[in-house]
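Please read the following note beside the displayed model. Its points are numbered so that each can be checked in turn.

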Amino acid sequence: MYFRPSCKTVAHPKRVSSASMSWLQERKQFIKALLNNPAAIGAVAPSGAALAAAITASIQPRAGKVLELGCGTGVFTREMLRRGVHPSSLVLVEQDTEMSRDLRKQFPEATVLQVPAQELSRESHPELDGIGTTICGLPLRNMSGTHHQQLLAAVFGAMRPGGAMHLFTYGVRCPISPAVLAACGVSARRSRFVPMNLPPASVYSLTAASA
Ligand SMILES: C[S@@+](CC[C@H](N)C(=O)[O-])C[C@H]1O[C@@H](n2cnc3c(N)ncnc32)[C@H](O)[C@@H]1O
């Protein structure tokens, strides 16, 4: 049984791959993608270690598959492996071609889907079966309300009951509007503030309102 939102209209450190990029390569790749498509990147640098630790803090190594949206250079992915998540439990979604190619190199055991996150569905992507937690690195403030709604329907339609989606924002409130959250039957709470990120960021945790 999966929760299907009826959106209305509105510690095994050795698992980190040997193909990890150098600090310089990572910045180069990020800046190239930023120059190609600034709105789709929505940040001036990959997230820092403190934010990676905060957004992945509640992940338990054996709590099922983890869906990561907007992986970029793999900062959050590497942190999950460091926490003991097995690479074969990861479903990584990234729309940028070069970044997707590099994620496949860095994490050969993970599933990498090069697709816009809002177009995911369990019907077209059976890899989503059994997702327990979602980590979202998407530039949500640059996405429309319609895309937010499609995204929540896709994520909460795929996750097992009780699953949570953790996202970050540089803004002062959840980047998904109360109207969209209510329409999708999802509630959001700010779970962490990360002053040591550049810029400082908040992590929000979203769960099905009925959970
Ligand atoms: C702000 S970067 C974050 C990267 C990484 N998670 C981090 O924190 O450093 C946003 C990433 O989301 C990807 N992205 C943007 N819109 C997307 C979409 N609709 N579907 C999938 N990926 C998307 C971008 O290509 C980029 O890699």
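Where is Pro 195 found? Pro 195 is in the loop between E6 and E7, a matter taken up again in point 6.

1. Basis of the note. The model is predicted, so local features need pLDDT of at least 70 and side-chain atom pairs count only at pLDDT 80 or more, while totals for chains, interfaces and linings use all residues. Residues are numbered from 1 along each chain as its sequence is written, and side-chain values use heavy atoms, with hydrogens and water left out.

2. Overall form. The protein contains seven helices and seven strands; these are DSSP runs numbered from the N terminus, helices (H or I) having at least four residues and strands (E) at least two. Along the sequence their order is α-α-α-β-α-β-α-β-β-α-β-α-β-β. The C-alpha atoms fill a box of roughly 45 × 30 × 30 Å along the principal axes.

3. The accessible surface is about 10,100 Å², and 55% of it belongs to carbon and sulfur atoms (Shrake-Rupley method, 1.4 Å probe; for residues, only the protein chains shown count as cover). Of the 211 residues, 50% are buried; buried means under 20% relative accessible area, exposed over 50%, and partly exposed in between (1.4 Å probe, protein chains only). There are 22 positive and 12 negative side chains, and the centres of the two sets lie 8 Å apart. Here Lys and Arg count as positive and Asp and Glu as negative, without His and the chain ends; each charge is placed at NZ of Lys, CZ of Arg, CG of Asp or CD of Glu.

4. The nonpolar cores. A nonpolar core is a set of buried Ala, Val, Leu, Ile, Met, Phe, Trp, Tyr and Cys residues joined through side-chain atoms within 4.5 Å. The largest has 32 residues, of which Leu 69, Leu 152, Phe 156, Met 165 and Leu 206 touch the most other members. Elements giving two or more residues to this core include strand E1 (65–69), helix H6 (145–158) and strand E7 (201–208). H6 gives the most, with six residues. A second, separate core of 23 residues includes Ile 59, Val 66, Val 75 and Val 112.

5. Two buried loop residues. Phe 107 lies in the loop between helix H5 (97–106) and E3 and counts as buried because its relative accessibility is 2%. Beyond its neighbours within four places in sequence, Phe 107 is in contact (heavy atoms within 4.5 Å) with Gly 74, Thr 77, Arg 78, Leu 81 and Leu 92. Gln 118, in the loop between strand E3 (111–113) and E4, is also buried, because its relative accessibility is 14%. Residues up to four places away aside, Gln 118 touches Met 143, His 147, Gln 150 and Leu 151.

6. The loop between E6 and E7. Pro 195 counts as partly exposed because its relative accessibility is 49%. Its C-alpha atom is separated by 28 Å from that of Leu 103, 92 residues apart along the chain. Pro 199 is found in the loop between strand E6 (186–194) and E7, and a cis peptide bond, with omega about -5°, joins Leu 198 and Pro 199.
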